[in-house]
Protein chains: 4
Amino acid sequence: MKTSLTYGMIGGHNRAFIGDVHRKAIGFDGRATLAAGCFSTNPELNRETGETWRIDPARVYPDFKTMAKTEAARADKVDFVVITTPNNTHYEISKAFLEAGFNVVCEKPLCFTIEQAEDLVKTAEDKKLVFGVTYTYTGYAMVKVAREMIANGKIGQILTINAEYAQDWLLDQVAEKAKEGGSNLSVWRMDPAVSGISNCTGDIGSHMENMVHYLTGLKIKRLAATVNRYGHELDLNANILVEYENGINGGYWCSQVASGHKNGLAVRIFGTEGSIEWEEESPDYLKYTPRNEATRILSRSSGYISEKAGATGRVPAGHPEGYYIAFANNYRNIISTILKVKAGQEPTDNELDFQKAEDGLNGVKFIHAVIKSAGNDSEWVEI
Amino acid sequence: MKTSLTYGMIGGHNRAFIGDVHRKAIGFDGRATLAAGCFSTNPELNRETGETWRIDPARVYPDFKTMAKTEAARADKVDFVVITTPNNTHYEISKAFLEAGFNVVCEKPLCFTIEQAEDLVKTAEDKKLVFGVTYTYTGYAMVKVAREMIANGKIGQILTINAEYAQDWLLDQVAEKAKEGGSNLSVWRMDPAVSGISNCTGDIGSHMENMVHYLTGLKIKRLAATVNRYGHELDLNANILVEYENGINGGYWCSQVASGHKNGLAVRIFGTEGSIEWEEESPDYLKYTPRNEATRILSRSSGYISEKAGATGRVPAGHPEGYYIAFANNYRNIISTILKVKAGQEPTDNELDFQKAEDGLNGVKFIHAVIKSAGNDSEWVEI
Amino acid sequence: MKTSLTYGMIGGHNRAFIGDVHRKAIGFDGRATLAAGCFSTNPELNRETGETWRIDPARVYPDFKTMAKTEAARADKVDFVVITTPNNTHYEISKAFLEAGFNVVCEKPLCFTIEQAEDLVKTAEDKKLVFGVTYTYTGYAMVKVAREMIANGKIGQILTINAEYAQDWLLDQVAEKAKEGGSNLSVWRMDPAVSGISNCTGDIGSHMENMVHYLTGLKIKRLAATVNRYGHELDLNANILVEYENGINGGYWCSQVASGHKNGLAVRIFGTEGSIEWEEESPDYLKYTPRNEATRILSRSSGYISEKAGATGRVPAGHPEGYYIAFANNYRNIISTILKVKAGQEPTDNELDFQKAEDGLNGVKFIHAVIKSAGNDSEWVEI
Amino acid sequence: MKTSLTYGMIGGHNRAFIGDVHRKAIGFDGRATLAAGCFSTNPELNRETGETWRIDPARVYPDFKTMAKTEAARADKVDFVVITTPNNTHYEISKAFLEAGFNVVCEKPLCFTIEQAEDLVKTAEDKKLVFGVTYTYTGYAMVKVAREMIANGKIGQILTINAEYAQDWLLDQVAEKAKEGGSNLSVWRMDPAVSGISNCTGDIGSHMENMVHYLTGLKIKRLAATVNRYGHELDLNANILVEYENGINGGYWCSQVASGHKNGLAVRIFGTEGSIEWEEESPDYLKYTPRNEATRILSRSSGYISEKAGATGRVPAGHPEGYYIAFANNYRNIISTILKVKAGQEPTDNELDFQKAEDGLNGVKFIHAVIKSAGNDSEWVEI
């Protein structure tokens with residue numbers, strides 16, 4: 001059995017954010033290699049990104065149609081493609097690659113219309129292809145633990161659900177417009193041509209829907225919503241009453257104008273035997289309150305987490321998963337310094353920002369002083 | 001100028017934890033490639049790890065001395081080596097590679113004796129080689145922001161410092177021994193042969209010393225310490241009074257028996273014009289209290305962070321840096337599923353745990369229902 | 001001008017909870033004295049409560065009608081009455097005392113029907129009498145600070161509001177009923193005969209409505225609600241979409257079945273220039289996030305609170321207002337001990353639970369040892 | 001057996017803070033009445049305070065010696081006295097009242113010298129009098145619960161203790177002095193003539209000592225301390241290593257210059273079977289982590305608190321004890337309004353700040369609208 005794969009990417013040139021996230025995430029476990037791409041409609045940027053990733057120039061394509069067709073004809077064609085282009089192109093590109101026989105991973109939202117989405121589901125099924133959509137937040141270890149706890153009956157029958165996703169990055173747009181003769185700042189996300197019928201609900205509200213469904217399996221039967229546009233074309237805030245197929249209710253709120261909330265995805269699920277609460281800004285912890293007992297703070301990777309999903313953690317308990325990034329930041333500077341030194345150049349202060357042998361020496365001195373003091377009736381010792 | 005490097009690794013075979021962390025962290029920015037190694041003294045494991053990383057078998061060495069000598073003689077020798085072997089071998093291996101002309105990155109603690117540490121500092125200086133020590137925690141973006149704020153006078157002259165590092169992973173060892181006829185559980189970290197003169201202070205206490213020094217530049221002049229061994233050979237808890245060279249004082253505490261604390265590195269620095277507080281279990285936030293003002297919670301990557309170090313963040317504000325891991329977890333399952341499908345096997349439920357086109361379809365339906373309800377005076381709509 | 005008042009109480013016998021809260025709260029500032037009452041329909045309990053409060057037996061009345069009539073005829077009649085009887089009697093009693101010319105303070109909910117409520121409002125107006133309703137939570141200092149900040153434009157124009165009030169004290173009732181052949185536990189609050197048309201919304205939901213109105217002045221124009229009864233007669237959970245008169249929206253949630261939430265009244269108000277968040281379980285703090293700035297944690301009675309309402313605080317910053325209760329608990333034991341000693345009895349361990357001269361001595365020894373050590377180069381000193 | 005007492009007060013005139021706290025705390029349970037006093041050395045203020053509390057003018061004394069002598073001679077002499085005068089007078093006054101046969105409650109610190117303290121302990125013992133010292137913080141319900149849990153073995157054998165008490169109210173004094181040609185702000189607490197040998201340790205450090213002793217019963221055997229005076233006469237910051245009689249260690253820190261900390265008394269106790277953590281700024285909660293289990297947040301007055309001390313709570317779970325103050329604030333305004341109305345004056349906006357019948361009406365409308373919407377398939381209803 002094969003143990004690694006190759007993949008292609010549509011979008012994700014060197015200056016784009018999310019494409020790089022996909023590459024780093026795939027690189028994390030080292031089981032798939034980037035082998036082809038159509039990274040930008042700008043030929044220069046496309047070529048340059050291909051070079052950065054040392055991709056055979058013959059596999060850096062001018063457009064996605066050429067890519068789908070040419071790759072499909074190769075014996076060593078990529079095993080899957082990743083689509084990180086603007087939302088209004090997701091459907092067309094996904095469809096093309098499915099038709100050409102490729103497994104697809106597409107950024108959310110999947111597409112603009114229900115018909116398009118149903119078509120993609122059906123096409124993937126017909127072709128027996130894998131089609132992944134990157135609702136990232138379901139990937140956190142503690143979300144998986146929560147889901148397993150709920151499935152195992154830890155909170156009994158679900159009674160009600162609260163979900164919210166609050167951000168504040170579009171508050172300036174609303175605040176400026178609200179002023180006397182206020183200006184009309186706007187960003188692409190607020191433009192129907194790029195975002196379709198919805199801005200806030202489409203971009204972040206859909207995560208609430210997905211997260212609740214992921215955690216509980218519940219499907220929404222009907223809903224009533226208020227949305228607020230504050231003078232702009234698309235929604236910037238929404239409150240939603242939902243009724244699930246089993247007759248219970250929930251309340252959802254999403255907003256891009258909630259001052260102080262940067263990425264506040266939070267979900268709280270209440271059942272007959274307890275409750276579970278999780279928020280993305282503190283993803284390594286779960287609040288769990290069994291009925292009539294004290295609230296417990298479950299910490300990722302702790303020994304007391306008996307759920308299988310607990311094994312999803314990548315670092316020991318108490319270490320946030322950003323630990324890897326801290327490590328990477330140190331290596332970024334070490335590598336930059338070595339490169340500068342090799343080139344006979346002076347590293348900057350910033351590049352020299354890593355801990356060195358001198359720091360190791362200080363540490364050894366500290367340890368020795370502590371043990372020496374303790375060994376001498378805790379008297380003071382000079383370092 | 002070169003834009004990428006190669007590196008070798010000593011230790012870090014396929015079943016070791018920290019070696020893999022180093023590889024993933026280096027891989028994160030994709031600017032260095034693993035090209036040589038001596039991953040284990042077990043030949044089979046050594047060979048197997050080399051294969052996993054597709055390393056030229058000629059560059060998978062049986063022992064570190066051979067590696068240093070052979071690599072040094074190659075025209076394409078590695079640019080730096082990473083040492084992730086047990087603590088009692090750090091000095092010898094570091095010394096050998098420095099002597100052979102290699103830049104070195106070594107896990108902490110650097111070595112056992114002050115003389116060894118001083119020798120490594122001097123050797124690296126004499127040879128003009130880079131020598132990095134991986135005190136990981138200084139790599140967090142908000143630690144760097146804190147350091148810059150302190151350097152810029154945001155908290156004025158420092159008045160006092162509190163640092164602590166509390167864990168509970170060795171509490172079982174103490175609790176069992178404390179019982180009547182209690183058993184003597186022990187782990188390698190508690191063994192002087194492996195850990196030297198100190199367990200707790202050496203392993204985690206040294207991080208407090210390093211972190212305070214990193215943030216403030218202060219050096220400890222003298223200290224008095226109590227350590228508690230609870231019947232074991234090495235320290236499991238330490239309280240330390242410190243006096244810095246400028247005459248001010250601080251209080252440090254480290255423990256491996258503090259029930260409920262998983263990796264509680266926390267530092268609080270108080271000055272004439274304000275204070276800064278940071279804890280590793282919530283690394284994306286900083287508490288900052290200017291004198292006579294309300295406490296502010298600074299969130300990584302927020303627009304209001306004017307310090308240059310703020311640019312160290314890798315994801316938008318509100319997203320914990322573990323976001324990359326959530327992404328990676330999703331891809332792990334997607335890739336496993338594709339591999340299984342290609343091999344004609346059935347993916348497990350766990351491997352199928354990623355969001356699919358159907359989930360994308362649910363999202364599109366949800367968005368449409370919200371906007372339809374809002375467009376119809378917020379009446380209820382079926383999904 | 002008079003500087004103190006007398007009051008009468010209807011309900012609030014010695015074994016009732018809320019009546020005692022009223023008496024203690026009135027007693028706090030010592031400006032009104034209990035002088036008459038009809039504490040219980042049980043004559044014995046009525047008499048006994050009168051004695052406890054040293055009330056002239058002639059002013060301990062058998063029923064509220066007699067009380068209203070007799071007091072009204074006295075020259076020294078009480079200045080106001082406090083009504084703490086069950087909800088289904090509020091209207092009748094309030095009406096009787098208003099008609100008799102008394103100022104009234106009534107527990108919430110004011111009454112059962114809109115007509116009754118309108119009648120009380122009109123009667124009080126016509127008679128030019130004061131009519132207070134004890135929505136207690138608006139009395140917190142930081143609620144008043146928040147209200148003043150909002151009135152002063154600190155958060156600009158309001159964009160959206162979230163309010164919730166979550167408890168879990170009726171979860172057992174729902175959990176037991178949900179079981180196979182589950183039993184039908186019930187409490188008076190769930191009985192329509194006592195609570196009227198609503199349990200959860202009436203008891204706690206009404207606080208959300210009142211708190212938002214108090215803080216912002218906004219009035220609700222229309223609403224849509226789902227309520228959940230989980231097989232019981234009255235609501236135990238409600239989700240509500242609201243539209244205020246100015247066209248903006250809010251989302252409210254109240255519940256008595258939310259495991260882990262004891263008294264979670266929380267309100268978050270988002271405006272063009274910032275947001276304010278407050279929760280009753282941590283009443284001495286306010287989260288305030290000016291647009292594009294870091295979140296501030298405002299602490300009651302701090303010097304930086306410039307709003308006049310800040311003066312409402314009764315203890316210094318950092319001291320929770322429960323400080324008074326801690327103090328009272330100490331005195332409770334001291335007084336019990338003195339009473340026992342005077343009676344020649346042995347105080348219990350619980351009664352002796354207060355700090356004594358010996359503890360004061362220990363404190364003095366501690367202080368002396370600290371200063372002595374510090375004066376001797378921080379050497380160790382015996383206590 | 002007597003069921004109530006009378007007391008006298010030395011200090012605590014109408015403009016003093018802590019005297020009023022004592023009176024309110026004693027008044028809370030209504031079992032002792034203020035009957036005599038020497039409230040101020042200022043005759044006018046003394047007289048005026050006596051009037052406010054309706055004390056027989058013959059029992060408002062010009063000095064404490066006259067008071068002790070005269071009261072002692074009365075048949076109806078007070079049952080105890082409360083001393084709230086400046087620290088430097090505690091000894092003399094306490095001694096005088098003990099000698100005259102009175103039970104005494106004295107503010108902390110008890111006195112200045114160890115000899116004085118020992119003398120008071122002995123005198124009270126000899127005379128068989130009750131002598132209480134108001135270390136207030138031991139009066140919190142959750143402190144008592146913690147103490148009982150520790151006594152019951154819930155955390156096993158104690159391994160180490162951390163205590164701290166951080167404030168920032170004297171930071172200005174230090175910050176101003178630290179400036180070039182900085183001025184020398186000072187407050188009475190920093191003056192040796194009033195505070196004795198210590199400021200910070202005496203005022204707040206002594207609470208740490210007392211709280212740890214109260215919770216655990218441990219006595220300090222020896223200690224080593226650093227104190228910082230920052231150019232002033234008395235200590236403003238102290239770090240202390242302690243060794244208890246049983247050989248274990250703890251670390252204490254107290255400070256009045258810790259920006260952002262208003263009244264941060266916090267204590268953490270770690271044992272072989274778990275840990276308990278409590279902080280005064282959030283007094284209604286306790287963190288409890290049994291060995292190898294998740295941290296639990298215990299909430300005051302919750303049903304799951306089985307310790308007897310849990311009964312000390314005065315309000316239901318989830319309600320902070322400041323609930324009484326919120327209630328009292330409402331009554332303050334209601335009473336002020338009634339007084340103004342009776343005097344034919346216009347109440348101020350501030351006095352009118354309480355909830356009225358109109359608010360009760362709004363509440364009733366809200367409840368009706370919610371139930372009506374729910375009864376009509378959750379359609380929108382106008383209020």
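In the predicted model, strand 7 of chain C (residues 220-228) is paired with strand 14 of chain D (residues 381-382) in the antiparallel sense, over two bridges. R222(C) has E382(D) as its bridge partner in strand 14 of chain D. The contact between these two chains involves 119 residues of chain D and 118 residues of chain C. On the side of chain D that touches chain C, 61 residues are nonpolar, 35 are polar and 23 are charged.

Chain C contains an open sheet of five strands, paired in parallel and arranged in the order 2-1-3-4-5. Strand 2 (32-38) and strand 5 (131-133) of chain C are the edge strands, and each pairs on one side only. From one strand to the next, the twist of this sheet averages 20°. Strand 1 of chain C (residues 5-10) runs parallel to strand 2 of chain C and is joined to strand 2 by six bridges. Within this pair, Y7(C) lies opposite L34(C) of strand 2 of chain C. The sheet is also packed against by an element of another chain, namely helix 10 of chain D (residues 323-342). Helix 10 of chain D touches strand 1, strand 2, strand 3 (80-83), strand 4 (103-106) and strand 5 of chain C. The direction of helix 10 of chain D makes about 120° with that of strand 1 of chain C.

In chain B, an open sheet of five strands has parallel pairing and the strand order 2-1-3-4-5. Strand 2 (32-38) and strand 5 (131-133) of chain B each have a single partner strand and stand at the edges, so one side of each is left without a neighbour in the sheet. The twist in this sheet averages 25° from one strand to the next. Strand 1 of chain B (residues 5-10) pairs with strand 2 of chain B in the parallel sense, and the pairing comprises six bridges. Y7(B) is placed opposite L34(B), which belongs to strand 2 of chain B.

Strand 6 of chain B (residues 158-166) is mostly covered, with nine of its nine residues buried. Strand 6 of chain B pairs with strand 10 of chain B (residues 264-271) in the antiparallel sense over eight bridges. Strand 6 of chain B also pairs with strand 9 of chain B (residues 249-255), here in the parallel sense and over seven bridges. A163(B) takes part in both pairings: V267(B) stands opposite A163(B) in strand 10 of chain B, and Y252(B) is the bridge partner of A163(B) in strand 9 of chain B.

The same surface serves both copies, as 100% of the contact residues of chain A recur in chain B.

Technical notes: Residues numbered from 1 in each chain as written. Chains lettered and ligands numbered in written order. Predicted model: local features only at pLDDT ≥ 70, side-chain atom pairs only at ≥ 80, totals over all residues. Contact = placed C-beta atoms within 7 Å. Nonpolar A, V, L, I, M, F, W, Y, C, P; charged D, E, K, R; others polar. Pairing = 2+ DSSP bridges. Helix = DSSP H or I, 4+ residues; strand = E, 2+ residues; numbered from the N terminus. Axes fitted to C-alpha atoms, helices over the stretch in contact; angles between N-to-C directions. Buried ≥ 20, exposed ≤ 12 C-beta atoms within 10 Å, placed from the backbone.
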